[in-house]
2 protein chains.
Amino acid sequence: MDLLNWLGLAGQRAVIVHHDDLGSLWAMNAAYQRLPYATGAVMMPTMWAAACLGLRADADLGVHITLNSEFAHHRWRPLTQGASLRDAFGYAWPTLDAAWANLQADEAEAEMRAQIDAALAIGIDVTHIDTHMGAVFRPDLAAVYLRVAQAYRVPAFVPDSASVPGLWIPDAWKPELERVFAAGPLPRLGIIDGYGQPPAARTGWTLATVAGLAPGVYHFMHHAMIPGDETQSLRDAATRLADFAAFTDPGVQAALGGEVLLTYRELRDRLRAAGIL
Amino acid sequence: MDLLNWLGLAGQRAVIVHHDDLGSLWAMNAAYQRLPYATGAVMMPTMWAAACLGLRADADLGVHITLNSEFAHHRWRPLTQGASLRDAFGYAWPTLDAAWANLQADEAEAEMRAQIDAALAIGIDVTHIDTHMGAVFRPDLAAVYLRVAQAYRVPAFVPDSASVPGLWIPDAWKPELERVFAAGPLPRLGIIDGYGQPPAARTGWTLATVAGLAPGVYHFMHHAMIPGDETQSLRDAATRLADFAAFTDPGVQAALGGEVLLTYRELRDRLRAAGIL
């Protein structure tokens, strides 16, 4: 589908500013509460997931499907018991490679469903699902991910290309992954992802990126975090703090204010109303 | 057994300064790292449990058996799948009453064992087990708790009386609980617990309590936490900060320095060597 036209936004730039990794740290939730952007996704296996509810009245929250646990000092465990979901310590896999070498699709599906069920159980109006570090993009897992999204009648984040830089998808998988993405009814979005940009240049990069957008619908992912003692152990703390600085920058906020700011709730409700979900 | 005599400490005051709730917050772990007392117990269902390893070379760590999840904003889930272990949201029970009304002893035993196994798996030399908020003190669960301690050959924290203030044990259970405690071979310790003291008076209370101790072996529990943004949502933050202030107080440290500072590792190893564990 031509999503932009279908939304009645031909020629415009529609942006979903998307806060990743909610629940993983108090400082991530605090950043979400302070920024003017309502869309984000919660990692349900984390300790602060329950706190995401009630952070803001306009919350537009999805489930950040989590199949790996990449930090050394704060770790989380799968919600379900599948042996293929966990390392020798019972935590979700520490690396994407380990996750991809081990995950069984049936156990991963049970875990994806359990994470969505857990979000619904605590009262989150789940507007979408997306994927922590792209762990669901092994092609057979991607098919599961899309099927689960349809079962719950929520959009899944699906990039408009499997070859976008930063998705960490092995080249060998891309043709099959494109077939999986193309086979489903869900719309695909452009990705904007500054994660790999140098922290010091993040605000400037964000300004330039927004200014240069072609017409389209974009999922602009970020990992904004406020400063705090407990965040010092994160290897990518500087990146997360730079995201917070960028999205609190008046110039960035003004530039985004000139675009159509879309939410996943709007997208979900339109897709449901049209019978696509 | 007369533990004090058995340890060769007749007439002395032997104190295990015990840091509760490790793993539950970065700020709890940071306090453990900064204080001069090596003994504490880790809540394995939490996100920062893995970080407890390596905080200090002299670590004397046990497993803080956790069957409830009492905070509103940061919550944890059981490691095992027993339905009696969890509330409608999948978290451990929010109150002791709910836990006691629902926990099945067989599922609680599986969870206790899983928590100890998880600690051993990440490399913790488990020196003891104890109990978060006394949730194991329903008499049938106490029997399980003592049996599990023996199975793993570690001491379990067993108070010298079921009637100590602050243990939250219903009066109706105390006679049966005394029988359970008395039936096992594990030594019982005096409890010192300042949790219910006003935060402003904590340091003075600690000084007076140490000065007034009768000869004996004591488990001196505390919940020291350093200040930090993420700790503000805790309803008992003032109590935890006051514990940190008390145990960093030079007068308290000097008073404790005049007593025999025991560790659970010493106790465990003596009990193992004697064939009691």
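Predicted model: local features only at pLDDT ≥ 70, side-chain atom pairs only at ≥ 80, totals over all residues.
Residues are numbered from 1 along each chain as its sequence is written, chains are lettered from A and ligands numbered from 1 in the order in which they are written, and side-chain values use heavy atoms, with hydrogens and water left out.

**View 1. Helix 8 of chain B and its packing partners.** Helices (H or I, at least four residues) and strands (E, at least two) are DSSP runs, numbered from the N terminus. The expected span of a helix is 1.5 Å times one less than its number of residues. The buried residues of helix 8 are Ala237(B), Thr239(B), Arg240(B), Ala242(B), Asp243(B), Phe244(B), Ala246(B) and Phe247(B). Buried means under 20% relative accessible area, exposed over 50%, and partly exposed in between (1.4 Å probe, protein chains only). These buried residues pack against strand 1 (13-22), helix 2 (26-34), helix 7 (202-211), strand 6 (216-222) and helix 9 (250-257) of chain B. Contact here means heavy atoms within 4.5 Å.

**View 2. Helix 4 of chain A and what covers it.** Helix 4 (residues 105-121) has 17 residues. From first C-alpha to last it reaches 24 Å, close to the 24 Å expected at 1.5 Å a residue. Its buried residues include Ala108(A), Met112(A), Ile116(A) and Ala119(A). Strand 3 (60-65), strand 4 (129-131) and helix 5 of chain A are among the elements that cover the buried residues. Gly123(A) follows the helix, with a positive phi near 105 degrees.

**View 3. The interface of chain A and chain B.** A rotation of 180 degrees with 0.0 Å of shift along its axis superposes chain A on chain B (RMSD 0.0 Å). That is the relation of a two-fold axis. The superposition is by least squares on the C-alpha atoms of residues with pLDDT of at least 70 in both copies. Of the residues of chain A, Met47(A) comes closest to the axis, at 3.0 Å (C-alpha). Contacts join 29 residues of chain A with 29 residues of chain B. The two chains bury about 2,500 Å² between them, 63% of it on carbon and sulfur atoms. In chain A, Met47(A), Trp48(A) and Arg77(A) lose the most area to chain B, together 27% of what that side buries. Buried area is the accessible area (1.4 Å probe) that two parts lose on being put together, summed over both. Of the interface residues of chain A, 100% are also interface residues in chain B, so the copies meet through the same surface.

**View 4. His18(B) in strand 1 of chain B.** His18(B) is buried, with a relative accessible area of 0%. Its side chain makes a polar contact with the side chain of Asp20(B) (2.9 Å). A polar contact is a pair of N or O atoms within 3.5 Å; within protein, one must be able to donate a hydrogen and the other to accept it, and residues adjacent in sequence count only if both atoms are side-chain atoms. Leaving aside neighbours within four places in sequence, the contacts of His18(B) include His128(B), Asp130(B), His219(B), His222(B) and Tyr264(B).

**View 5. Two salt bridges in chain A.** A salt bridge is a side-chain nitrogen of Lys or Arg within 4 Å of a carboxyl oxygen of Asp or Glu. The side chains of Arg202(A) and Asp243(A) meet in one (2.4 Å, N to O). Arg202(A) lies in helix 7 (residues 202-211) and Asp243(A) in helix 8 (residues 237-248) of chain A, so the pair ties together parts that are 41 residues apart in sequence. Both Arg202(A) and Asp243(A) are buried. Arg188(A) and Glu178(A) form another salt bridge (2.9 Å, N to O). Arg188(A) lies in the loop between helix 6 and strand 5 (190-193), and Glu178(A) in helix 6, so this pair ties together parts that are ten residues apart in sequence. Arg188(A) is partly exposed at 24% relative accessibility, as is Glu178(A) at 26%.
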